[in-house]
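Here are my notes on this model, point by point. Please keep the structure open while you read them.

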Amino acid sequence: MKKNIGSQLALYPTPVTVIGAMNGERPTWTLVAHVGIIGHDRVLVSLAAPHFINHCIKETRKLSVNIVDEELLPLADYSGSVSGTKEDKGGLFAYTKGDAGTPVIERAPLTMECTVEDVYNTKGFESFICTIDGTYVEETHLDEKGKINYGSLKPVLFEFPTYEYLRTGDVIGKCLSFKNKE
Ligand SMILES: Cc1cc2nc3c(=O)[nH]c(=O)nc-3n(C[C@H](O)[C@H](O)[C@H](O)COP(=O)(O)O)c2cc1C
């Protein structure tokens, strides 16, 4: 028996990311788990409108999406606990600037540098729709063909209902390998 529990945000788990943007000469960082994919060339980063980082993103039209693994999680979690309006978070992560000028967290296993193409406004939220300028990956997470190996990268996942972080699970099969099996 299934029960209709109403209109619920139920599309979980999602990957945990630290969004970076330059605030003048210093970076600022915000934990964001409401991220998504649009088509094959855009990502979406959904931010509450009052967040400190939003004006930095709107000013530069650039942001970095840093994937969080278990080692990075404590600092990443902290970036989601305090606003840049109250505390300068610029020193939280060691970083370098990527080719597109966004702050790339040195310790993040994977970082996408992005350009904001559009902002989709809903009540209280600004969702940034971005193209991807470049992707920095720890070489240990690239396979022999140069593809990203998420099995070793192990992104941390998030779910809202229990407000918990989850570990990435096991591989259960190759896509489309179930086609001819009942
Ligand atoms: C696990 C977790 C996930 C979060 N995901 C989002 C999110 O998807 N969008 C958002 O706007 N804020 C999210 N937040 C809240 C912000 O990270 C938090 O309010 C932060 O302090 C805002 O920083 P800022 O004002 O410096 O930008 C999340 C916080 C936590 C702990």
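1. Strands first. Strands (E, at least two residues) and helices (H or I, at least four) are DSSP runs, numbered from the N terminus. Two strands pair if DSSP finds at least two bridges between them. In this model, Phe-158 has Tyr-165 in β12 as its bridge partner. β11 and β12 pair in the antiparallel sense, over 3 bridges.

2. Basis of the notes. This is a predicted model; local features need pLDDT of at least 70, side-chain atom pairs count only at pLDDT 80 or more, and totals for chains, interfaces and linings use all residues. Residues are numbered from 1 along each chain as its sequence is written, and side-chain values use heavy atoms, with hydrogens and water left out.

3. Three strands form an open sheet in the order β1-β11-β12, with antiparallel pairing. β1 (14-15) and β12 are the edge strands; each has a single partner, so one side of each lacks a neighbour in the sheet.

4. The loop at Phe-160. Phe-160 sits in the loop between β11 (157-159) and β12 (164-166). Phe-160 counts as partly exposed because its relative accessibility is 40%. (Buried means under 20% relative accessible area, exposed over 50%, partly exposed in between; 1.4 Å probe, protein chains only.) With Leu-9 and Tyr-163, Phe-160 forms a nonpolar surface patch of about 370 Å² accessible area together. Patch residues have over 30% relative accessible area and no salt bridge; nonpolar side chains are joined within 5 Å, like charges within 9 Å. A salt bridge is a side-chain nitrogen of Lys or Arg within 4 Å of a carboxyl oxygen of Asp or Glu. Areas come from the Shrake-Rupley method with a 1.4 Å probe; for residues, only the protein chains shown count as cover.

5. For the side chain of His-51, the distance from a ligand oxygen to an N or O atom is 3.0 Å. A polar backbone atom of Ala-33 is 3.1 Å from a ligand oxygen. The protein covers 87% of the 660 Å² of accessible area that the ligand has on its own.

6. Strand β6. β6 (residues 62-67) is mostly covered, with 5 of its 6 residues buried. Antiparallel β2 (residues 17-23) is joined to β6 by 4 bridges. Thr-17 stands opposite Ile-67. Antiparallel β9 (residues 110-122) is joined to β6 by 5 bridges. Lys-62 has Thr-115 in β9 as its bridge partner.

Methods: A polar contact is a pair of N or O atoms within 3.5 Å; within protein, one must be able to donate a hydrogen and the other to accept it, and residues adjacent in sequence count only if both atoms are side-chain atoms.
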